[in-house]
Amino acid sequence: MIYVENLRKEFKKTIKDPGVIGSLKALFHPHNEKVIAVDDISFNVPEGEVMGFIGPNGAGKSTVIKMLTGILTPTSGKCTINGKNPAEDRKNYVREIGVVFGQRTQLWWDLPLRETYGVLKEIYEVPDDKYKKRMAFLNEVLDLESFITSPVRTLSLGQRMRADIAASLLHSPKVLFLDEPTIGLDVVVKDNIRNAIEYINKQENTTVILTTHDLADIELLSKRIVMIDKGKNVFDGTISELKSKYGQIRELHFETDTQNADKVLAYKEHFGFVDDDISIKTEGTGVQVRFNSEVVPVSEMLSYTLGKININDISVKDADIEEIIRRLYKREV
Amino acid sequence: MKRKLRIYFPFINAGLQEATTYRANWFFMILGNVLGCFVSYFIWNAVFLSGGNDTMNGFTMPQMVVYIFLMFLTSTLISSGGTYDIGEEIRDGSISMRMIKPISYNSTFLFQELGNKIMTVCILIIPLVLGVEICRTIFTGEIQFNIIGFLLYIISCVFAYLINFFFNICFGFIAFVIKYLWGANMMKNCIVGFLSGTMIPFTFLPDFLEKLFLFLPFASLNYTPVMIYMGMYSGTELLFYMGLQLFWVLVFWGLSKLLWRVATKHLCVQGG
Amino acid sequence: MKNIKRMLRMHRIFVSQEIKRMMEYKGDFIVGIIGFLLGQFFNLLFLWIIFSQIPSLVGWTLEQVIFIYGFSLIPKGLDHLLFDNLWSIGHFTVRKGDFDKYLTRPINPLFHVMVEKLQIDALGELIMGIALICVTLPTLAIEWSVVKIILILLVIPFATLIYTAIKIATAAIAFWTKRSGNITYMFYMVNDFAKYPVTIYNNFVKAVITYIIPFAFTAFYPANYILTGENPLFNIGLTVVISLVLLVISVLIWNRGIKAYESAGS
């Protein structure tokens with residue numbers, strides 16, 4: 001469905017010395033520097049997949065998304081969706097896609113929400129009968145009925161986001177780009193939006209590309225993750241691959257009546273863990289230990305711990321994706 | 001006093017920074033306005049050619065040229081953006097945030113604009129005054145520049161700026177009534193432009209209008225400083241018009257305080 | 001053909017949206033219209049005061065000058081009414097990254113930007129322009145012919161196009177510099193030269209506003225043809241040619257600009 005090959009984007013950046021004198025200097029003698037925002041990124045996304053696209057701030061995520069949505073022209077490389085290329089045929093290309101930028105709206109600010117859909121219907125040339133069906137469907141999934149006659153500027157953030165997602169789906173795009181669709185929303189609204197995205201993906205086999213800082217979005221919605229940093233591909237694979245590759249982190253949780261359990265245990269000294277490979281949190285009688293199971297196997301950890309102190313209750317679980325990614329970001333930066 | 005100044009110093013700096021950041025944009029605006037001056041120049045040139053007399057209503061053509069460019073310099077020096085700033089705050093309700101801050105709104109804004117003005121003064125005043133003086137010297141054959149006149153002009157500009165500043169703040173309160181500030185501001189600019197003599201010297205108007213306009217606050221904005229620079233006022237006349245300027249400064253300062261009080265009460269009642 | 005039909009349909013849709021929006025803010029639009037009317041009123045007062053002191057302005061009567069002035073408001077007002085949204089491109093749309101929206105939609109972004117807003121304030125200029133023409137026309141002893149009327153009606157859209165083309169080109173500069181609103185403003189100030197008979201200017205200014213920034217073709221030359229009936233090839237013909245040349249140049253600049261557009265944010 002989506003093919004991205006060797007995508008690259010360079011920006012020119014004016015370098016300015018601080019202060020008034022610097023400003024004046026830049027006015028007469030601007031000094032430019034080339035910044036490579038995206039450097040040779042490639043990936044494919046098959047039809048119907050929900051792909052999580054992640055990376056730390058400034059990694060070049062937005063730049064990639066903007067190239068994929070036809071907003072920015074790549075310096076080199078290309079991307080195609082359904083065989084169409086935005087550089088050659090932008091108009092037909094954008095018919096295939098729907099875009100939601102969480103921080104911006106494409107709704108007509110001063111008019112009742114319904115009017116936006118009326119105009120978008122014309123822009124995307126949706127026939128009347130299809131439009132009616134589509135609105136009924138979107139209304140069912142995103143529950144627009146209660147505010148469709150209100151002016152957009154009066155909508156709450158959650159309502160606005162639902163309305164924006166509906167707007168991006170009106171022309172039944174094959175691919176949906178969601179850039180931070182849950183930003184600033186409360187837990188319940190986040191859940192609603194995730195459910196809606198999942199439902200649309202299942203019902204219509206819409207391919208979804210999702211960027212977000214809330215990793216729960218990714219964990220709940222997508223199987224596949226592409227991660228970039230400093231403009232380069234860092235990881236491309238399923239969540240379970242991510243876990244098996246980087247996720248040797250396990251979490252050991254137990255209750256103990258031994259005082260100063262962490263000191264008694266002294267994992268670091270005993271096993272020779274280095275910095276990132278272990279962390280311990282104590283809360284009352286509960287202790288949580290995160291450790292790298294490649295350095296020390298789980299069984300060894302367990303038997304050592306059980307032998308050293310009094311344990312009432314113990315459990316082991318896989319670290320969540322958030323922990324893995326936190327470690328990945330740290331290592332890369 | 002010293003402590004007070006220290007509080008406001010960052011605002012001057014911020015204004016200066018802002019001005020240098022958008023300098024290219026600012027420069028084009030100034031260039032556009034200079035072009036406007038040239039349109040006026042050519043019209044007046046044609047008028048003097050058609051009139052046949054060297055002097056019209058007390059102005060010779062060289063004096064007219066000086067008048068046009070001084071008007072432009074003065075309007076740029078005394079311009080103030082208070083209407084938008086306060087109007088926008090009224091519209092989006094953030095004016096209520098002002099009430100909980102321990103420094104005066106008017107002052108922060110005034111100092112920020114002062115920072116902005118520093119750049120205007122540095123860049124504009126020297127070439128324009130130089131140009132005007134060279135012009136006057138060539139036309140009359142002798143140097144006309146008068147340091148006392150120039151200093152009085154600067155003082156008069158400071159008064160004019162203060163009048164404009166407080167007047168614009170007062171006008172900004174119109175946002176409680178008219179939501180479309182851009183339109184309202186445009187109306188205001190048209191009226192002020194004419195009544196302050198920017199388009200045409202008052203001596204060209206019928207007698208009673210000239211007298212009336214001289215007493216309105218708008219004459220104190222552009223007309224008085226320019227007339228002082230050109231040496232049209234002297235002695236008691238000079239004192240009178242500068243006194244009038246001071247009077248209008250106090251009036252609009254008082255009015256802005258009053259409106260502020262009314263507005264904050266209004267906000268409390270509304271619970272905004 | 002299908003394309004043009006679609007564009008007209010889109011235009012109608014956007015206009016009807018704008019009218020609905022206006023109904024929400026009626027008072028504001030009245031304020032805007034009055035604002036522009038007032039601006040024109042003071043300009044006229046200025047002309048009237050000047051003419052009370054002189055018999056004619058280097059050979060032009062008050063009626064003729066006012067006619068030219070009134071005519072200049074028609075193309076200006078039309079462009080202002082229909083395509084004013086171009087202003088916002090240079091002022092903030094590009095800088096804030098809001099231009100993204102236009103690029104994700106399957107219609108030409110330039111067309112989309114141009115027709116998206118309707119600037120009702122411009123009615124102030126149009127009303128004044130028409131009123132001035134109507135008042136001065138009977139006093140001017142103009143010879144009329146069918147050809148002349150056709151030519152005049154023909155030239156108005158092209159004169160409007162000169163404004164629009166200059167706005168497109170100057171707005172497009174923002175794609176490189178992020179901000180170009182005041183460049184547009186500067187060009188607009190040049191257009192003040194065109195409101196008066198060009199014979200009052202020296203040769204340099206005349207050459208600039210005829211051949212370099214051809215605002216003289218938005219008002220004086222066509223109006224001069226109406227007044228004198230002279231030189232239709234230059235006064236009307238060149239208006240058409242120049243407007244089309246400008247349009248082509250400005251669209252080329254615009255299209256290159258879109259390629260250079262860098263959006264905003266990370």
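Read along the sequence, chain B runs α-α-β-β-α-α-α-α-α-α-α-α-α. That pattern holds eleven helices and two strands. Here helices (H or I, at least four residues) and strands (E, at least two) are DSSP runs, numbered from the N terminus. The model is predicted: local features need pLDDT of at least 70, side-chain atom pairs count only at pLDDT 80 or more, and totals for chains, interfaces and linings use all residues. Residues are numbered from 1 along each chain as its sequence is written, while chains are lettered from A and ligands numbered from 1 in the order in which they are written.

Start with the overall form of chain B. Its C-alpha trace spans about 65 × 40 × 35 Å along the principal axes. The radius of gyration, taken over C-alpha atoms, is 20 Å. A compact globule of 272 residues would have a value near 19 Å, so chain B agrees with that. The globule rule is 2.2 Å times the number of residues to the power 0.38.

Now look inside chain B. Buried residues make up 35% of its 272 residues. A residue is buried if 20 or more other C-beta atoms, placed from the backbone, lie within 10 Å of its own. Two residues are in contact if their C-beta atoms, placed from the backbone, lie within 7 Å. Take the contacts in chain B with a separation of 6 or more: residues 24 or more positions apart account for 82% of them.

Next comes the contact between chains B and C. It takes 32 residues from chain B and 34 residues from chain C. On the chain B side, helix H2 (23-51) and helix H8 (181-195) are the elements that give two or more residues. H2(B) gives the most, with 16 residues. By class, this side has 23 nonpolar, eight polar and one charged residues. Ala, Val, Leu, Ile, Met, Phe, Trp, Tyr, Cys and Pro count as nonpolar, Asp, Glu, Lys and Arg as charged, and the others, Gly among them, as polar.

Chain A also meets chain C. Here 25 residues of chain A are in contact with 21 residues of chain C. H4(A) provides the largest share of the chain A side, four residues. That side has eleven nonpolar, seven polar and seven charged residues.

Finally, turn to chain C itself. The axes of helix H4 (residues 85-93) of chain C and helix H6 (residues 109-116) of chain C come within 6 Å and cross at roughly 110 degrees. Axes are lines fitted to C-alpha atoms, for helices over the stretch in contact, and angles run from 0 to 180 degrees between N-to-C directions. H4(C) is therefore roughly perpendicular to H6(C), a term for angles of 65 to 115 degrees.

Note on methods:
A residue is buried if 20 or more other C-beta atoms lie within 10 Å of its own, exposed if 12 or fewer, and partly exposed in between; C-beta atoms are placed from the backbone. Angles under 35 degrees count as roughly parallel, over 145 as roughly antiparallel, 65 to 115 as roughly perpendicular and the rest as oblique.
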